[in-house]
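Please read the points with the model open.

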Amino acid sequence: MSAFFFYLFGLIAVASAIAFVTRRSPVAAVLWLVNTMFCLAAMYIMLGAEFIGAIQVFVYAGAIMVVFLFVIMLLNLGHPAELADARGIWGKLIAGLVGLALLAQLSAIAAQRVPDRFLVD
């Protein structure tokens, strides 16, 4: 069962990375990159490297993305209507599918058994 979730997170990470490089809006691209970082962190945790997974979330998905967004906002890339890339029913459908993928990620992490070394006697 954990192999299934590992490959699921890998597939979602690859799809998010593809979505990251194909977005026209830099803000949307950053959100896809954050999703990729969370998937990679989940994969690290499933491999038993909890510290690397936590650092992945704190450093890359947290600090680096905030700096990236700050630079984008500082550059003032133009009118937001020019940068919009998700409109109509397809954008809502894709957003719903991404929401379901994130829910699947959270449920997979919650379903994992806690290793005995973390249990308090």
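How many helices and how many strands does the protein have?

1. **Fold.** The protein has 5 helices and 0 strands. Along the sequence, the pattern reads α-α-α-α-α. Keep in mind that this is a predicted model.

2. **Confidence.** The mean pLDDT of the protein is 81. A value of 70 or more is reached by 83% of the residues. Helix 1 (residues 2–22) has the highest mean pLDDT, at 89. Helix 4 (residues 80–83) has the lowest, at 56. Please read helix 4 with that value of 56 in mind.

3. **Burial and surface.** The protein has 121 residues, and buried ones make up 25% of them. Its accessible surface comes to about 8,500 Å². Carbon and sulfur atoms account for 75% of that surface.

4. **Contacts along the chain.** Take the contacts between residues at least 6 apart in sequence. Of these, 66% join residues at least 24 apart.

5. **Aromatic pairs.** How many aromatic pairs does a search of the whole structure find? The search finds 2. One joins Phe4 and Phe5, with ring centres 5.4 Å apart. Their planes stand at 65 degrees, and edge-to-face requires over 60, so this pair is edge-to-face. Phe6 and Tyr7 form an aromatic pair too, also edge-to-face. Here the centres are 5.9 Å apart and the planes are at 80 degrees.

6. Is Phe4 buried or exposed? Phe4 is exposed, with a relative accessible area of 51%. The cut-off for exposed is over 50%. Tyr7 is exposed, at 63%.

7. **A nonpolar patch.** The surface carries a nonpolar patch of about 950 Å². Which helix gives the most to the patch? Helix 3 does, with 7 residues. Helix 2 (26–46) and helix 3 (50–75) each supply at least two. Leu40 counts as partly exposed, at 30% relative accessibility.

8. **Ser16.** This residue lies in helix 1. Is Ser16 buried or exposed? Its relative accessible area is 1%, so Ser16 is buried. Which residues does Ser16 touch, beyond those up to four places away in sequence? They are Trp32, Asn35 and Thr36.

9. **Val57.** Val57 lies in helix 3. Its relative accessible area is 24%, so Val57 is partly exposed. Leaving aside neighbours within four places in sequence, Val57 is in contact with Phe38, Ala41 and Gly62. Val57 and Val34 are 23 residues apart along the chain. Their C-alpha atoms are separated by 8.6 Å.

10. **Where to look.** Start with helix 1, which has the highest mean pLDDT among the elements, and find Ser16 in it. Then turn to helix 3 for the 7 residues it gives to the patch. Finish with Val57 in that helix and its contacts, including Phe38 and Ala41.

Note on methods:
Residues are numbered from 1 along each chain as its sequence is written. This is a predicted model: local features need pLDDT of at least 70, side-chain atom pairs count only at pLDDT 80 or more; totals for chains, interfaces and linings use all residues. Side-chain values use heavy atoms; hydrogens and water are left out. Rings of Phe, Tyr and Trp (its six-membered ring) pair if their centres lie within 6.5 Å; planes under 30 degrees apart count as stacked, over 60 as edge-to-face and the rest as tilted. Buried means under 20% relative accessible area, exposed over 50%, partly exposed in between (1.4 Å probe, protein chains only). pLDDT is the predictor's confidence in each residue, from 0 to 100. Helices (H or I, at least four residues) and strands (E, at least two) are DSSP runs, numbered from the N terminus. Patches are made of residues with over 30% relative accessible area and no salt bridge: like charges are joined within 9 Å, nonpolar side chains (Val, Leu, Ile, Met, Phe, Trp, Tyr) within 5 Å. Accessible areas come from the Shrake-Rupley method with a 1.4 Å probe; for residues, only the protein chains shown count as cover. A salt bridge is a side-chain nitrogen of Lys or Arg within 4 Å of a carboxyl oxygen of Asp or Glu. Contact means heavy atoms within 4.5 Å.
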